[in-house]
Amino acid sequence: MIPSPGRKVAPRRWLRRCLVLLLAALSAALLSLLPAVAAAPSTAARNQPATMRLLHEPLTCLMGVYLQDMRDYKFADRSLFASVRLWSVCPKAEDTPLKDLSVLNSNGTSISEINTQKVANESGYFPNNPMVYWSERTVEGTFFHHWSAKDFPFDRHTIVFQFESVRADVSDFVITPDFKNPGFNPSINDGDWIASNFNLSEVEQSYSTNFGKPDKHLDGKGIYSRIKVQITLHRARVTSFLKLCAGVYAAVIIAGIAFLMDVREADIVSGRTGLLVGCLFAAIVNMQQAESTLGLSEEITLTDMIHIISILYILVSSLLAMLAYLRCEAGREDFARHMDRRIYMPIYMASFVVVNAVVIAYSAIIG
């Protein structure tokens, strides 16, 4: 717009118009150059092969587990024996995770040689590969398990086996579980134990180090793929419980029968005291035997509770025997005899049965 001769444009307004026109011209020039810039790859990108410019996906192989044998459950040693058969299906023979396998929670195991065969692919996996490589090997030996006998003999235990592929972290290799074919040998149910709830899954284990690999920068962490196997065990019968607790129950019953002894004679009073001391000693020894069988634990187990209750009842019986002796010394022999046989003994026996029934029922429900 050309100003008329008699009209003047303010300097600031004229400068503002010039800046707007300049910015518009620069914006148009940049917009015209964008398609060319987007279409032209960088020098580094042109030098890379096409596969490197695609999104990187980790390799994977199918892996399955069959639990062939499981026995020798040692509570005190916190161990068990197991034989586990592993297999993998891979597009390439060198990709199998069985080649670089780490066996977790192992006390001492042996691993067989790898058997690899090239077979026709009818699995539904790797559809672009008409032939795949099937590999297998067996791991057997003793495994660590923290047995908890808190609710023995109604205890249930979840046994866990874990096998990790250490050939590469999850950015390069991930295990795919074979959910169709895993399982366990039914002979594991040996009459004393019943196995159930077999489960197979893939988990990622994160470590606080990258194990010094100079080409990995995962914030100083290494993440690896592993196969996790879980199976539940529970007892089929309570015979072992009766064996462990029969002695302490006998001691409590004998301590209850001691109420029938006549406290009016000094020799009988002395014999009753010795009998109760013997019952107390038997209960303590039986408790130590149960601990050696089930393993020493900081938890108060059902057998511990039964032994503690039994020891307390024997101590109460000893105190009542002393009370009866004092009554006899005071010339109240008939009253002491009446209290022992008519009052103390029925309450002693009945309450012990009720308390034990409650404790056992509670463990059976939550076990």
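A: The account begins with Val 84. Leaving out neighbours within four places in sequence, Val 84 is in contact (heavy atoms within 4.5 Å) with Val 65, Tyr 66, Leu 67, Arg 137, Thr 138, Val 139 and Phe 163. This is a predicted model, in which local features need pLDDT of at least 70 and side-chain atom pairs count only at pLDDT 80 or more, while totals for chains, interfaces and linings use all residues. Residues are numbered from 1 along each chain as its sequence is written, and side-chain values use heavy atoms, with hydrogens and water left out.

Val 84 belongs to strand E2 (residues 79–90); helices (H or I, at least four residues) and strands (E, at least two) are DSSP runs numbered from the N terminus. With a relative accessible area of 1%, Val 84 is buried, a term that means under 20%, against over 50% for exposed and in between for partly exposed (1.4 Å probe, protein chains only). The C-alpha atoms of Val 84 and Tyr 66 lie 5.9 Å apart, although 18 residues separate the two in sequence.

The largest nonpolar core has 63 residues, of which Met 70, Leu 80, Leu 86, Phe 161 and Phe 163 touch the most other members. Such a core is a set of buried Ala, Val, Leu, Ile, Met, Phe, Trp, Tyr and Cys residues joined through side-chain atoms within 4.5 Å. Helix H6 (residues 302–329) supplies the largest share of this core, 8 residues. Beyond four places in sequence, the contacts of Phe 161 include Leu 67, Met 70, Leu 80, Asn 105 and Lys 228. A second, separate core of 5 residues includes Val 269, Ala 324, Cys 328 and Ala 336.

Ala 324 is also among the residues touched by Asp 340, together with Phe 259, Val 263, Arg 272, Leu 320 and Met 345, not counting residues up to four places away in sequence. Asp 340 is found in helix H7 (residues 333–366) and is buried, with a relative accessible area of 1%. Its side chain is joined to that of Arg 272 by a polar contact of 3.0 Å; the term denotes a pair of N or O atoms within 3.5 Å, where within protein one must be able to donate a hydrogen and the other to accept it, and residues adjacent in sequence count only if both atoms are side-chain atoms.
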